[in-house]
Amino acid sequence: MVTGWPNMSNPADDTFFFILGISLTLLALNTGVMIYFVFRYSRKRHPKAEEVGENTLLEIIWTVIPTLLVLAMFYVGWKGFVYMRTAPPDAMVIHVTARQWSWTFDYANGKETNVLKVPVRKPIKLLITSADVLHSLFIPAYHIKEDAVPGRETHLWFLPDQLGSYDLFCTEYCGVGHSSMITKVDVVPQKEFDDWYAGKKEEAAGTEEKPGSKKRAGKHEAGQSAREGAELFQTKGCTACHTADGTPKIGPTFKGVFGKKETVIHNGQERQITVDEAFIKQTLLHPEIDRVKGFPPIMPSQQGQLTDKEIEELIEYIKELK
Ligand SMILES: [Cu+2]
């Protein structure tokens with residue numbers, strides 16, 4: 001039941017202003033009557049108080065009118081709700097995964113990005129899930145939000161009717177890195193979108209604005225797997241906590257980490273390790289075994305999130321960041 005699409009303005013706004021209008025009218029009426037009564041029935045003009053009996057007609061009026069008003073509010077809200085829950089059949093479907101602390105957008109052709117790139121004036125349907133805890137996807141410009149729930153798929157749709165770049169962020173507190181779960185919806189002309197969409201997969205992360213991407217660009221010639229790894233670094237959410245440019249974030253930077261001697265906490269004891277392939281692999285699958293000293297123990301295990309090949313690619317990538 002998609003009525004009025006696509007000319008309906010934002011139904012949340014419609015409902016809000018409808019209810020606001022009714023409230024303001026009632027406020028004005030009530031206040032007006034009160035002020036009038038203060039003068040009309042003041043002691044001076046009306047020295048003798050009278051008992052007022054019941055008035056059936058009045059009672060019916062003040063029961064029926066508010067009931068109709070409340071039903072009208074419900075109707076407007078319900079229509080808007082149905083509209084917002086029903087994506088047009090021609091909507092473009094994009095899968096969204098929220099994780100601590102980043103977003104991944106998966107397109108039908110296998111493209112994967114951190115920035116939601118969409119063509120203008122094409123309805124977009126997002127199928128949302130979470131890899132870990134509760135998150136919530138919020139695009140303030142479109143006045144829409146929806147929870148990202150682990151083990152469940154929720155949905156949301158919107159019509160990007162103007163070109164531009166809009167904020168998209170997590171609006172459900174999800175841990176220390178919550179505030180870094182911010183990215184953009186890039187609304188581009190259809191032609192630009194088509195070119196990008198048909199382009200090579202690795203360009204997918206090219207729209208990424210977070211630190212690390214510039215670094216990565218210079219590494220492109222250095223081997224296919226490192227390149228794949230660089231892309232995984234962006235799309236698998238590592239950038240929420242790691243950088244490739246030498247600045248520590250929530251976790252250690254990857255720059256120069258390969259071959260480094262480090263102190264780690266192992267079963268509550270400090271010990272020395274050298275970062276090699278095996279150590280990186282262990283950290284990815286079982287981060288709890290050896291925690292790098294000086295950082296919070298929050299590196300999430302990537303078990304089930306990364307294939308063996310992807311782990312290899314990430315290792316190749318990290319090796320290159322000298
Ligand atoms: Cu979140």
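The questions below take this predicted model feature by feature.

Residues are numbered from 1 along each chain as its sequence is written. In this predicted model, local features need pLDDT of at least 70 and side-chain atom pairs count only at pLDDT 80 or more, while totals for chains, interfaces and linings use all residues.

Q: What are the domains of the protein?
A: Domain 1 is 11–85, domain 2 is 92–207 and domain 3 is 213–320. These bounds come from an automatic or database domain assignment. The centres of domain 1 and domain 2, taken over C-alpha atoms, are 43 Å apart.

Q: What makes a residue buried?
A: It needs 20 or more other C-beta atoms within 10 Å of its own; with 12 or fewer it is exposed, and in between it is partly exposed, with C-beta atoms placed from the backbone. Buried residues make up 24% of the 322 residues.

Q: Which residues have the most contacts inside the largest nonpolar core?
A: They are Val96, Leu126, Leu137 and Phe233, in a core of 38 residues. Domain 2 and domain 3 each supply at least three residues to this core. A nonpolar core is a set of buried Ala, Val, Leu, Ile, Met, Phe, Trp, Tyr and Cys residues joined through C-beta atoms within 7 Å.

Q: Why are strand S12 and strand S13 said to stand at the edges?
A: The open sheet runs S12-S11-S13, with antiparallel pairing. Two strands pair if DSSP finds at least two bridges between them. Strand S12 (269–274) and strand S13 (291–292) each have a single partner strand, so one side of each is left without a neighbour in the sheet. Strands here are DSSP runs (E, at least two residues), numbered from the N terminus.

Q: How do you know that S11 and S13 pair?
A: S11 (residues 261–266) and S13 share two bridges, in the antiparallel sense. The cut-off is at least two bridges, so they count as paired. Ile265 has Arg291 in S13 as its bridge partner.

Methods: Helix = DSSP H or I, 4+ residues; strand = E, 2+ residues; numbered from the N terminus.
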